[in-house]
Amino acid sequence: MFGFGNSDGDKEMLEWTAAGSGARFMGLVHHTDAVREWAYDRDSPVGRLDKAWDEAVRRGWTVVDMKRDWKKVFPFDP
C-alpha cells in the first residue's frame with residue numbers, strides 16, 4: 001500500500017495506510033519552492049503542513065523537500 005500527501009488534509013489517509021498489514025509506504029511532499037511552485041508550511045496562508053509533518057517525523061514517514069530534492073517540478077522546466 002502506498003500513501004502520499006502534501007498537507008494536513010492528507011494526514012488521515014496516511015494514518016489509514018500505515019495502520020494496515022503488509023508492505024506500506026507513507027510519504028509527504030514538503031512544498032518549499034515558491035519560485036517554481038508553492039511554498040507552504042506550518043503558518044502558511046496557502047495549504048498547511050503542520051500536524052501531518054509532526055506525525056511524519058514521529059512515525060518515520062518519508063518527507064521529500066521540493067526545493068532540495070527535486071531538480072524539476074514540471075516537465076517543461078529548463
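Predicted model: local features only at pLDDT ≥ 70, side-chain atom pairs only at ≥ 80, totals over all residues.
**Exercise 1. Describe the order of elements and the overall dimensions of the protein chain.**

Step 1. The protein chain has three helices and three strands.

Step 2. Read from the N terminus, these elements follow the order β-α-β-α-β-α.

Step 3. The C-alpha trace spans about 40 × 25 × 15 Å along its principal axes.

Step 4. Of the 78 residues, 36% count as buried.

Step 5. Take the contacts between residues at least 6 apart in sequence: 51% of them join residues at least 24 apart.

**Exercise 2. Which residues of helix 2 are buried, and which are exposed?**

Step 1. The buried residues of helix 2 are Ala52, Glu55 and Ala56.

Step 2. These residues cover an arc of only 100 degrees around the axis, so they sit on the same side of helix 2. The arc is that of the directions from the helix axis to the C-beta atoms.

Step 3. Val57 and Arg58 are exposed, on the face of helix 2 turned away from the buried side.

Step 4. The cover over the buried residues includes helix 1, strand 2 and strand 3 (62-65).

Step 5. Just after helix 2, glycine 60 has a positive phi of about 75 degrees.

**Exercise 3. Carry out the analysis of buried and exposed residues for helix 1.**

Step 1. Lys11, Leu14, Thr17 and Ala18 are buried in helix 1.

Step 2. Viewed down the axis, the buried residues of helix 1 fall within an arc of 125 degrees, so they line one face of the helix.

Step 3. Glu12, Trp16 and Ala19 are exposed on the other side of helix 1.

Step 4. Strand 1 (2-5), strand 2 and helix 2 are the elements against which the buried residues of helix 1 pack.

**Exercise 4. How do the axes of helix 1 and helix 2 cross, and which residues make the contact?**

Step 1. The axes of helix 1 (residues 11-19) and helix 2 (residues 51-59) come within 9 Å and cross at roughly 25 degrees. Axes are lines fitted to C-alpha atoms, for helices over the stretch in contact, and angles run from 0 to 180 degrees between N-to-C directions.

Step 2. Helix 1 and helix 2 are therefore roughly parallel to each other. Angles under 35 degrees count as roughly parallel, over 145 as roughly antiparallel, 65 to 115 as roughly perpendicular and the rest as oblique.

Step 3. Helix 1 makes the contact with Lys11, Glu15 and Ala18, and helix 2 with Lys51, Ala52, Glu55 and Arg59.

Step 4. By class, the contact has two nonpolar, no polar and five charged residues. Ala, Val, Leu, Ile, Met, Phe, Trp, Tyr, Cys and Pro count as nonpolar, Asp, Glu, Lys and Arg as charged, and the others, Gly among them, as polar.

**Exercise 5. Name the residues of the largest nonpolar core and the elements that supply them.**

Step 1. A nonpolar core is a set of buried Ala, Val, Leu, Ile, Met, Phe, Trp, Tyr and Cys residues joined through side-chain atoms within 4.5 Å.

Step 2. The largest nonpolar core has eight residues: Leu14, Ala18, Met26, Leu28, Leu49, Ala52, Ala56 and Trp61.

Step 3. At least two residues of this core come from each of helix 1, strand 2 (25-30) and helix 2.

Terms used
Residues numbered from 1 in each chain as written. Heavy atoms only, no water. Helix = DSSP H or I, 4+ residues; strand = E, 2+ residues; numbered from the N terminus. Contact = heavy atoms within 4.5 Å. Buried < 20%, exposed > 50% of the residue type's maximum accessible area, 1.4 Å probe, protein only.
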